[in-house]
Every structure is written in C-alpha cells, then in structure tokens.
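Please describe how this chain holds together.

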Amino acid sequence: MGTERAWAYRVEEPHGSAGWRPLGGRSPRWRGRITTDTPRQGPEYVAALVLTDLVTEWRVNGICEQHVRVIVWAGEEGTGPEDSVFTVEIQPHVGTE
C-alpha cells in the first residue's frame, strides 16, 4: 500500500562512432515503463526483467547475443546513463577466444 514505484527503461545498442541508439531503431519494444510493488524491486530488478525478456526473445528467434545496455530511470525517462539510477551493459564473448 503506497509502495508502488514507476521506472522507465530503454535498451540501446552500440552504433559505431555515433555512440548508442535504441535497440530496434524507433520501435517501442525495448523502451517503456514498469511499475513495481515493493521497495525490494528496485532498478536492478527492472533491468533483470528487461534482460530476461530480451534474452528469451533472442533464443526463441535463434539470434546470437548482442552487445546492449539497459538504462533505468526512476519515474520518467531521462537522456542517458548520466541521469539514470542504474545502467547495465552486456558484452557477449568478452574474455573468450
């Protein structure tokens, strides 16, 4: 009761010298809002939900893992990781041959 919290998230992929761009172009698929019920369900929880959904989609569609980052903001979507409350970057095959 009264513990709900809104989070905004965006998944981005590297885009060469231009930096990062939203995964899937302008598609709203990997950008949105999640409302959590308890204080324990913070920004790390939100990022984990998004990444779980993303990895499941990759497996179902036979897509190899990609280099992405998930940015989470409290409340409204911000500009980038500099104003986020949590950012996680996934780099497949780092440290492998």
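The side chains of Arg31 and Glu77 form a salt bridge, with N and O 2.6 Å apart. A salt bridge here is a side-chain nitrogen of Lys or Arg within 4 Å of a carboxyl oxygen of Asp or Glu. Arg31 belongs to strand 3 and Glu77 to the loop between strand 4 (68-74) and strand 5 (86-90), so the pair ties together parts that are 46 residues apart in sequence. Arg31 is partly exposed, at 33% relative accessible area. Glu77 is partly exposed too, at 30%. Buried means under 20% relative accessible area, exposed over 50%, and partly exposed in between (1.4 Å probe, protein chains only).

The model is predicted: local features need pLDDT of at least 70, side-chain atom pairs count only at pLDDT 80 or more, and totals for chains, interfaces and linings use all residues. Residues are numbered from 1 along each chain as its sequence is written, and side-chain values use heavy atoms, with hydrogens and water left out.

**Salt bridges**

The whole structure holds 8 salt bridges.

| Pair | N to O distance |
|---|---|
| Arg31 and Glu77 | 2.6 Å |
| Arg29 and Asp53 | 3.4 Å |
| Arg33 and Glu76 | 3.6 Å |

Arg33 and Glu76 are joined by a salt bridge. Glu76 sits in the loop between strand 4 and strand 5 and Arg33 in strand 3, so this pair ties together parts that are 43 residues apart in sequence. Glu76 is exposed, with a relative accessible area of 60%. Arg33 is partly exposed, at 48%.

Arg29 pairs with Asp53 in a salt bridge. Arg29 lies in the loop between strand 2 (20-22) and strand 3 (31-36), and Asp53 lies in helix 1 (residues 43-61), so the bridge ties together parts that are 24 residues apart in sequence. Arg29 is partly exposed, with 37% relative accessible area. Asp53 is partly exposed as well, at 35%.

Which residues does the salt-bridge network link? Its members are Arg10, Glu12, Arg31, Arg69 and Glu77.

**Rings**

The structure has 0 aromatic pairs. Such a pair needs rings of Phe, Tyr or Trp (its six-membered ring) with centres within 6.5 Å; planes under 30 degrees apart count as stacked, over 60 as edge-to-face and the rest as tilted.

**Overall layout**

The chain has 1 helix and 5 strands. Along the sequence they follow the pattern β-β-β-α-β-β. Helices (H or I, at least four residues) and strands (E, at least two) are DSSP runs, numbered from the N terminus. The C-alpha atoms fill a box of roughly 50 × 30 × 25 Å along the principal axes.

Of the 97 residues in the chain, 30% are buried. The chain exposes about 6300 Å², and carbon and sulfur atoms supply 51% of that area. Accessible areas come from the Shrake-Rupley method with a 1.4 Å probe; for residues, only the protein chains shown count as cover.

**The core**

The largest nonpolar core has 15 residues. Such a core is a set of buried Ala, Val, Leu, Ile, Met, Phe, Trp, Tyr and Cys residues joined through side-chain atoms within 4.5 Å. Val11, Val50, Leu54, Val68, Val70 and Val72 touch the most other members. Strand 1 (5-14), helix 1 and strand 4 each supply at least two residues of this core. Helix 1 gives the largest share, 6 residues.

Contact means heavy atoms within 4.5 Å.

**Contacts across the sequence**

Among contacts with a separation of 6 or more, 58% join residues 24 or more positions apart.

Thr35 lies in strand 3. Its C-alpha atom is 5.5 Å from that of Arg5, 30 residues away along the chain. Leaving out residues up to four places away in sequence, Thr35 touches Glu4, Arg5 and Ala6.

Thr3 is in the segment before strand 1. Thr3 is partly exposed, at 35% relative accessible area. Thr3 and Asp37 are 34 residues apart in sequence, with C-alpha atoms 5.9 Å apart. Beyond residues up to four places away in sequence, Thr3 touches Thr36, Asp37, Thr38 and Pro39.
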